[in-house]
Amino acid sequence: KKLKIILILAIVILIILGGNVFSKIINEEKQGISLSRQKNLDDSQKDDPQNYDDVLVIVNDNSIISQQIGDYFADLRNIPSLNIIHINSPITEEISQAEFSDLRSQIENYILLNLQLNNSNYIVTTKGMPLKINSGDGCFSNSSSCASVESELTLILGPYSNSIQVGGKILSPYIWANNEFSRSEYGIFLVTRLDGYTFDHVKSMINNATQPIQVPSSAKFVFDQDPDQPPTYQGFNNRMAAASNLLNLREYNTILESTTEYLTNQTDVIGYASFGSNDRNYIHYSANGAPNNKWLPGSIAETYVSTSARTFNYPPSYGQSLIADLVKEGITGAKGYVYEPFTTAMADVSILFDKYTSNYTLAESFYRSSRYLSWMDVIVGDPKTRIIMPEEGLPVEIYYFYANITNNNVGL
């Protein structure tokens with residue numbers, strides 16, 4: 001508001017004196033120069049999204065599709081062959097604690113034999129390797145030792161490794177962090193998974209994460225509230241409203257649907273949050289809670305659904321909606337849960353989209369907005385996906401204002 005007032009005053013002075021004013025500001029505006037954008041450029045130079053030397057890829061040699069995905073991803077991102085960790089594990093999505101212990105040991109032993117890899121920041125798992133660990137305790141309590149494979153792998157070979165496969169979860173050391181991620185600082189890996197119903201779905205997800213991703217001005221963030229939710233779940237509606245307000249302040253396009261309608265068939269979607277099949281009215285608009293959106297490259301989502309990542313096998317057995325359907329539609333990344341996570345585990349979308357639109361990677365954004373590790377969470381997508389948003393509002397910020405009159409001209 002202060003900047004707009006200053007510019008209006010300057011224009012009035014121009015009209016009175018007939019001078020040529022603030023051409024530098026106008027030229028910079030035309031060129032799209034902004035202080036916030038320059039900061040983003042500087043940040044991206046520190047963490048080159050094209051450099052995947054700090055990414056480890058896990059491939060299950062017992063699975064053809066795991067090998068296909070691992071090879072495709074590694075080739076496309078120029079990941080060193082040393083960073084590809086080959087394991088032999090069951091190809092079933094659900095495994096026992098003993099089977100996970102063997103899988104974990106294979107990964108840890110490889111890293112210990114190649115100690116430079118312990119400085120890596122990211123681990124990427126692939127379809128065809130186990131997804132979730134069933135400890136046999138019912139997987140439905142806050143003290144359960146059931147978990148996703150990915151969430152347990154965040155803790156290997158670090159200061160929190162004693163918490164792996166122990167009942168309950170731990171608070172993530174990266175939650176609410178205010179800087180870029182590094183394993184050396186936080187003692188964990190950021191782990192994501194490349195998965196979908198088919199190899200082509202996963203391949204599309206990888207392709208859509210290829211840098212640079214310049215988001216068009218038509219991009220939309222869709223927040224689909226459900227006013228019919230009970231009071232205990234209204235916090236999710238509040239978070240969606242907070243995310244929408246934040247993005248509106250940055251002059252991005254948002255849709256905050258606050259009626260009982262379940263939004264479907266949206267186009268140019270870059271960000272999404274909804275109750276999925278937990279929306280009390282979805283059945284009137286969508287089969288199985290799939291939104292049928294058209295997704296932009298770099299698009300991500302969170303849905304408030306307890307078991308949205310319980311399977312990526314096709315055809316699935318429905319009940320609750322699945323993020324695999326979002327991958328099928330063309331999304332680039334999403335967060336889901338393999339067993340009941342309870343509400344506090346779900347990503348705070350007001351943090352998620354704040355960070356993702358501020359030059360942080362997909363993995364950094366999801367982990368900074370999610371409380372727990374050694375739990376039910378699984379994030380699908382290329383961890384280093386990073387988007388470049390359109391410029392926010394006016395491109396310069398004026399702290400001091402001077403006017404000099406020379407030969408009937410005003411210089412600012």
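## Starting at Asp61

At 32% relative accessibility, Asp61 counts as partly exposed, because that label covers everything between buried (under 20% relative accessible area) and exposed (over 50%), using a 1.4 Å probe and protein chains only. You'll find Asp61 in the loop between strand E1 (55-60) and helix H4 (64-77). Those labels are DSSP runs numbered from the N terminus, where a helix (H or I) has at least four residues and a strand (E) at least two.

Who does Asp61 touch, if we skip residues up to four places away in sequence? The list is Gln67, His86, Ile87 and Asn88, with a contact meaning heavy atoms within 4.5 Å. Asp61 and Gly128 sit 67 residues apart along the chain, yet their C-alpha atoms are separated by 9.0 Å.

## What you're looking at

This is a predicted model, in which local features need pLDDT of at least 70 and side-chain atom pairs count only at pLDDT 80 or more, while totals for chains, interfaces and linings use all residues. Residues are numbered from 1 along each chain as its sequence is written, and side-chain values use heavy atoms, with hydrogens and water left out.

Now for the whole chain: its secondary structure comes to 12 helices and 19 strands. Of the 412 residues in the chain, 56% are buried. Take the contacts with a separation of 6 or more: 78% of them are between residues 24 or more positions apart.

Let's look at an open sheet of three strands, with the order E3-E5-E6 and mixed pairing. Strand E3 (94-95) and strand E6 (147-148) stand at the edges with a single partner strand each, so one side of each has no neighbour in the sheet. Strands count as paired here if DSSP finds at least two bridges between them. E5 (residues 132-133) and E6 run antiparallel and are joined by two bridges. Across that pairing, Ile133 stands opposite Ala147 in E6.

Next, a disulfide, which is a covalent bond between the sulfur atoms of two cysteines. To spot one, we ask for a pair of cysteine sulfur atoms within 2.5 Å, and by this rule the count comes to one. The partners are Cys139 and Cys146, with their sulfur atoms 2.1 Å apart. Both cysteines, Cys139 and Cys146, are buried. The torsion about their S-S bond is about -60°, so the disulfide is left-handed.

How many of the eight residues of H11 are buried? Eight of the eight are, so H11 is largely enclosed by the rest of the structure. Among them are Ile351, Leu352, Lys355 and Tyr356.

Two packed helices are described by the angle between their axes and the distance between the axes. For helix H9 (residues 234-249) and helix H11 (residues 349-356), the angle is about 25° and the axes are 7 Å apart. The axes are lines fitted to C-alpha atoms, for helices over the stretch in contact, and the angles run from 0 to 180 degrees between N-to-C directions.

On the H9 side of this contact are Arg239, Met240, Ala242, Ala243, Leu246 and Leu247, and they meet Val349, Ser350, Phe353 and Asp354 in H11. By class, the contact of H9 with H11 has seven nonpolar, one polar and two charged residues. Here Ala, Val, Leu, Ile, Met, Phe, Trp, Tyr, Cys and Pro count as nonpolar, Asp, Glu, Lys and Arg as charged, and the others, Gly among them, as polar.

Most residues other than glycine have a negative phi, and most peptide bonds are trans. Now for some exceptions. The peptide bond from Gln211 to Pro212 is cis, with omega near -5°, and Pro212 lies in the loop between helix H8 (199-207) and strand E9 (213-214). The bond from Tyr314 to Pro315 is cis as well, with omega near 0°. Pro315 belongs to the loop between E13 and helix H10 (323-329).

As for phi, Asp268 has a positive value of about 55° although it is not a glycine. Asp268 is in the loop between strand E11 (253-257) and E12, and is partly exposed, with a relative accessible area of 26%. Ser374, not a glycine either, also has a positive phi of about 55°. Its loop runs between strand E15 (372-373) and strand E16 (377-380). Is Ser374 buried or exposed? Ser374 is buried, at a relative accessible area of 1%.
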